[in-house]
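Dear colleague,

I am passing on to you the structure that we spoke about, together with some notes on what was found in it. Please look through it alongside the text below.

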Amino acid sequence: MQIQLNGEPRQCDDGQTLSQLVEALGLTGRRIAIEVNEEIVPRSLHAQMRLADGDRVEIVHAIGGG
Amino acid sequence: MSQLIQDTPLTVAGRRFASRLLVGTGKYRDFDETAAAIEASGADVVTFAVRRTNLGQNPDEANLLDAIPPSRYTLLPNTAGCYTAKDAVRTCRLARELLDGHNLVKLEVLGDDKTLYPNVVETLAAAETLVNDGFDVMVYTSDDPIVAKELEKRGCCAVMPLGSLIGSGNGLLNPATLTIILENAEVPVLVDAGIGTASDAALAMEMGCDGVLMNSAIAHARHPVMMANAMRKAIEAGREAFLAERMPRRQSASPSSPFAGRINA
């Protein structure tokens, strides 16, 4: 299946969880926040949240700004 | 006997801060310089932006939040770069998740790329949504007194008019309207944007502002850490001058030395 990850298409295994995606990206343990289809998915739910074809996933972090 | 007036701490949404200088984290050369400048500024509140994570990055890459640890500073996520209320609200919700429920945010909704002037229509809409969603909203706005009051009515915990355009360093271009905002306000008023050098910050505080938020004035000085130190002193000096209540202005001179006893009398 294909998702949109930070605006770019990405192939994922069917039924992949958000935790598995985060791990595949090498972001486990990093301070990030995730929204799927414009809804926040709390960190505590990443392991049980299964992605679906066409999901729009945003992964953000803190950067310098004023 | 001490003639010093005891100041009260800056209090925003029930949070008390010793420093009235709030700083940003953009435009520094690296995180070491960011950390050193912020330390020199004495700021308690530090703002940052929320952006898409670069995928495929080095997993050991330094993180801004290591340079400004949430255990030491009150972090103030901002919505810089948002041009609609919807995007600003999404960004605040992401920031709240990022910071484990921390709900103090700096709302800014911009109008265009050239001026980065606030779009007050979108800002008002976003403020209302965010306050209803439990956020404590410090809001960047124009120096329009009516808009400032409307934002306050919508429950914003601090109103932050621009001194001049973001990143311009043009100082306080409209002290007259800022004065009206200060007279009307029942929440803290902080100048956010436009500060160029220490005297700009001191002037804002002398006028009675509750604080000043700045980024470029420090980060784009040739020597940011030294400028951060200067800004800390300017904020303190301006605040003390405000509390001390300046002398009246006069049209004519008034000698400081007595006339009596002059040798040519």
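The notes below go through a sheet, a cavity, some single residues and a helix.

Please keep in mind from the start that this is a predicted model.

I begin with the sheet in chain B, where three strands are arranged in the order β6-β7-β8 to form an open sheet with parallel pairing. The edges are taken by β6 (104-107) and β8 (158-161) of chain B, and because each of these has a single partner strand, one side of each is left without a neighbour in the sheet. On average, and with direction ignored, neighbouring strands of this sheet are turned by 20° against each other.

Looking at the pairing in detail, β6(B) is joined to β7 (residues 136-141) of chain B by four bridges in the parallel sense. Within this pair, Val105(B) has Val137(B) of β7(B) opposite to it, while the bridge partner of Lys106(B) in β7(B) is Met138(B). Helix α4 (residues 120-132) of chain B packs on the sheet, where it touches β6 and β7 of chain B, and the direction of the helix makes about 175° with that of β7(B). As for how well β6(B) is covered, both of its faces are shielded, since Leu104(B) and Lys106(B) on one side and Val105(B) and Leu107(B) on the other are all buried, which means that each has under 20% relative accessible area.

Helix α4 of chain B also holds Val120(B), which counts as partly exposed because its relative accessibility is 21%. Apart from neighbours within four places in sequence, Val120(B) is in contact with Thr141(B), Ser142(B) and Val147(B). The C-alpha atom of Val120(B) is separated by 12 Å from that of Cys82(B), a residue 38 places away along the chain.

Another residue to look at is Asp192(B), which is found in strand β9 (residues 190-192) of chain B. At 4% relative accessibility this aspartate counts as buried, and, when residues up to four places away in sequence are not counted, Asp192(B) touches Lys106(B), Tyr140(B), Met160(B), Pro161(B), Leu162(B), Gly163(B) and Leu213(B).

The largest cavity has a volume of about 40 Å³, and its lining is made up of Asp143(B), Pro161(B), Leu162(B), Gly163(B), Leu172(B), Leu173(B), Asn174(B), Pro175(B) and Leu178(B). By type, the lining residues of the largest cavity divide into six nonpolar, two polar and one charged.

Helix α7 (residues 198-206) of chain B has Asp200(B), Ala201(B), Ala202(B), Ala204(B) and Met205(B) as its buried residues. These buried residues of α7(B) pack against β9, β10 (211-214) and α9 (224-244) of chain B. Just after α7(B), Gly208(B) takes a positive phi of about 110°.

On the subject of backbone angles, most residues other than glycine have a negative phi, and two residues depart from that pattern here. Asn37(A) is not a glycine and yet has a positive phi of about 50°; Asn37(A) is found in the loop between β3 (33-36) and β4 (39-40) of chain A, and with a relative accessible area of 31% it is partly exposed. In chain B, Lys27(B) has a phi near 75°, again a positive value in a residue other than glycine. Lys27(B) lies in the loop between β3 (21-23) and α1 (31-41) of chain B, and it counts as partly exposed at 45% relative accessibility.

Finally, helix α1 of chain B contains Glu33(B), which is buried, with a relative accessible area of 11%. Leaving aside its neighbours within four places in sequence, Glu33(B) makes contact with Tyr28(B) and Pro224(B).

With best wishes

Conventions:
Residues numbered from 1 in each chain as written. Chains lettered and ligands numbered in written order. Predicted model: local features only at pLDDT ≥ 70, side-chain atom pairs only at ≥ 80, totals over all residues. Heavy atoms only, no water. Pairing = 2+ DSSP bridges. Helix = DSSP H or I, 4+ residues; strand = E, 2+ residues; numbered from the N terminus. Axes fitted to C-alpha atoms, helices over the stretch in contact; angles between N-to-C directions. Contact = heavy atoms within 4.5 Å. 1 Å grid on protein atoms, 1.4 Å probe; cavity = no way out; pocket = protein on both sides within 12 Å on 5 of 7 lines; lining within 4 Å. Points joined across faces, edges and corners; volume = space filled by probe spheres on them. Nonpolar A, V, L, I, M, F, W, Y, C, P; charged D, E, K, R; others polar. Buried < 20%, exposed > 50% of the residue type's maximum accessible area, 1.4 Å probe, protein only.
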